[in-house]
Amino acid sequence: MTVLSTPSGTGPQAARARVEQALRGGKVDVWGRAFHLVVLAALLLAVLALVVLLVDMLTTGAPVLTGRLGGFLDGALRSQPGASGIRQGLVGTFWIGVFVVLLSFPLGIAAAIHLEEYAARTRLTRFIDVNIRNLAGVPSVVYGILGFTIFTKALRDVTGSPGSNGRTIVSAGLTLAILVLPIVIITASEALRAVPSGLREAGFGVGATRSEVVRHHVLPYAAPGIFTGTVLALARALGEAAPLILVGATSGYLTGADRFLELGALRERFTAMPTVITTWAGRPGREWEEVTAAAIVILLAVVLLANTTAIVLRNRFEKKRG
Amino acid sequence: MTDATGSLTIDALSGDRRRMRADMVTRLLVLAAAVTSILISALIIFSLAGEAWTFVSQVEVASLWTDGWFPRRGLYDIKTIVVGSLLVTAVAMLLAVPLGLGAAVYLSEYAPRQVRKVLKPAVEILAGIPSVVLGFFALTFISPEVVQRFAEGATQFNLAAAGLGVGILTIPLIAAVSEDAMRSVPNSLREASAAMGARKAVTVVRVVIPAAVSGLVASFIVAVSRAIGETMVVFIAAGATGGALFTTDVFGPGQTMTAAMASQAAGTDQVRGAGLTFQSLFFVGMLLFIVTLVLNLLADRFVRRVRQRY
Amino acid sequence: MSTDSRTGDAAVSEPDHVDHSLDVSPGVSPGAGSGEHGIVFDVSGVHLYYGDFRALRDIQLQIRCNEITAFIGPSGCGKTTMLRSLNRMNDLIEGARVEGKILYHGVDLYDGRVNPVEVRRRIGMVFQKPNPFPKSIYDNVAYGPRLAGTPRKDLDDVVEKALRDAALWSEVKDRLRASALGLSGGQQQRLCIARAVATSPEVLLMDEPCSALDPIATARIEDLMHEIKDKYTIVIVTHNMQQAARVSDRTAFFTTEVNETSDTRTGIIVEFDTTDRIFTAPSDQRTDDYITGRFG
């Protein structure tokens, strides 16, 4: 940081030198540089947190993942960490995913279509809009209470076999589908809003009904954005634990519920990856830590893969559309 | 006025019956879908209201101001869990606001395109990490390596570690909303400032950030709402499962509203306990619902203000 | 029967008896014999509002069959609004409403029983910015006829005829399945014209169709308009006075008047006459000023 002295004196030479010096710059912009570095550091710290977390999980879980991956994926919940596996958790998570996809995707997309393509700007529409945005911000544990009251208790006989007390995958799947519904609606709405109005006008101009315009032109155009939103919503649903606890996921041991396509198990006691992790996280000892970390890596693999795919696809489509 | 030969009838302009019917059916179906959202809100309120009211109407006022939150023993000291939530949220914001805001400023104002293409998704990926993962990370890494190293006497389970975990979770939220707000500030403002000879940092601090302030406030409110609603990080890392004494010490175990609910549900096979234990769950849930509702409505208003200006 | 103002599609219940005996077949000119063409649109006493704001006042004009009628005037005076009200495209804008009468072959276009979807099949539109569907060239043109129920075997002929009408056939006949987005701007606009005429409409509304195109493409489209004039009735909005003078038979000159109290501008028609007279001997001074470039 050098501070050049201002050339003194009068006359054209000196004046020119002064101007030249002013333009070329005297002081180095210290505060500016510092500010730049500070905000860059903030970003890097945030990314660092992510990196440290991933590395920590991988290294802690490495013994299990490299040592006995097959047995780990296949095994059931046991009292010994060395013998425990996440198969039952995977089954539960799988079926929750199925429920979310089958229930909240169609419902959410349809609702978004209504709000963006059909609804007139009435007070009812605005109310629905505000309501959905609020639902998106409700804590997941409150959705857990909803699931507990309606599915686990009130609809106990529908959602579960007599012995299960309603604490079943069906209850959990329904609850999570409801939890994720506002997110699907919001992201689908954004995708629909991004469709250029010229496209709709062209359809109307040729004499199509509104439903035809939506079906033939708007939806195909918005499909990538909608798909991205639904994948993000699914990833979110698969990671939630609080609603599962409220709905009654098993935290102890579980017999059965270890086959993926056994439909009867849907109405029995269950667990899923997030609750497996929660249970194991509370157990003391290095061996349990390793198993927990390994389970986390598996869950992260699924969730982060979904998230990354969605983000990458969205970026690529946005670029293509220009 | 000469008329064309062969006048047109209105009937001829009434359209294809089948297509009109299909249009009508579609309209009704999507309307039904949209209305289910209202149904969900109604169900939530319905689920909470009954038992929450039972609690409020039957609870002994004395039990609301005691040593701690021990629902199974009939001690419902609300301030324990509320203060717990506030402490965790405060710690979280102490971490998330500087990092999130800083990251947003960098991504919006400084980052070259190539850098942005890599680092922005990295922050977004952070948003996808399930909270149970952060809870375990808080317990097994943040607590020993960060908290216990800097705070003598911190226990293994402590609110600070949980708070930092929640903070990491909310960084991407603040970053995303703030960045959006700053990017929607028109370039003409930046150019005007630069044309007056202001350095970039000055432009950012004096022009861009004030212009985006509604969005920044909104991001903060949303983050607070998220932090208050976060359950699993505290559940795993803050240690108070059955009940908790009132505390303001972030370096020791504690309980939040959310984790209290989860603890109660997870504790035994039955959610019931003595007296109003069961109902206390719903009472806390109702409290949470109202708090986050208010915060979200507030944030909404700020977001709309941003949109209106530009 | 309600007309959904935002969506513009009438919720129609089926008529008891659909009488097609008096239909005007689209595409055929029911011209009167005396050398003066029959009237297709009769617009009288029309005011158009967006909510409380009056965009057009006291509009009176007639569009005649097989003629090209041009709407000219400075920006923002409602020419496009007027054009879009002829095929009920304004229905898509929330709060838009029409007072007065717009008669299409004697039928009130805004009657509650009239279905805008059917209206737009008979009255086609070409927009300012070419907006082909992101589909193949063939599917763009075939879209309208498919909706209207044209049998599959006839589609190829319908598409070819439309593309010939739009003077695009020779350029695309070997790549009908290629994406429409690969065409140049001028070609895309001609594709939009082909798409519009594929449903055999009687009327073609064109909203500044050449403003996004280069002069060569513009010239092609102007030639096209002359070629298809005897099959269609054309109404064109244009900023380009020379274009109006070159192309149209009749011209309506729009301008705005300022409302002192509300500080808004409302569109009015200053003069409506044959193009010859408008451009050589206008009756109104304002028209003369605009034509000679003294304002606008």
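In what order do the strands of the open sheet of 3 strands in chain B lie? The order is E2-E1-E3, with antiparallel pairing, where strands (E, at least two residues) and helices (H or I, at least four) are DSSP runs numbered from the N terminus, and where two strands pair if DSSP finds at least two bridges between them. The structure is a predicted model, in which local features need pLDDT of at least 70 and side-chain atom pairs count only at pLDDT 80 or more, whereas totals for chains, interfaces and linings use all residues. Residues are numbered from 1 along each chain as its sequence is written, and chains are lettered from A and ligands numbered from 1 in the order in which they are written.

Within this sheet of chain B, the edge strands are E2 (75-76) and E3 (244-245), each of which pairs on one side only. Strand E1 (residues 68-70) of chain B pairs with E2(B) in the antiparallel sense over 2 bridges, and B:Trp69 stands opposite B:Tyr76 in E2(B).

Domain bounds, which come from an automatic or database domain assignment, divide chain A into domain 1 (11-66) and domain 2 (68-321). The centres of these two domains of chain A, taken over C-alpha atoms, are separated by 39 Å. Their contact, defined by C-beta atoms that are placed from the backbone and lie within 7 Å, takes 8 residues from domain 1 of chain A and 11 residues from domain 2 of chain A. The side of domain 1 of chain A that touches domain 2 of chain A has 5 nonpolar, 3 polar and no charged residues, with Ala, Val, Leu, Ile, Met, Phe, Trp, Tyr, Cys and Pro counted as nonpolar, Asp, Glu, Lys and Arg as charged, and the others, Gly among them, as polar.

For chain B, the assignment gives domain 1 (14-58) and domain 2 (61-309), and the C-alpha centres of these domains of chain B lie 31 Å apart. Here 8 residues of domain 1 of chain B are in contact with 9 residues of domain 2 of chain B, and the residues on that side of domain 1 of chain B divide into 5 nonpolar, 2 polar and 1 charged.

Between chains A and B, the contact takes 69 residues from chain A and 69 residues from chain B. Helix H2 (residues 30-67) of chain A gives the most to the side of chain A that touches chain B, with 16 residues, and this side of chain A has 47 nonpolar, 17 polar and 5 charged residues.

Chain C has 10 helices and 10 strands.

Technical notes
Contact = placed C-beta atoms within 7 Å.
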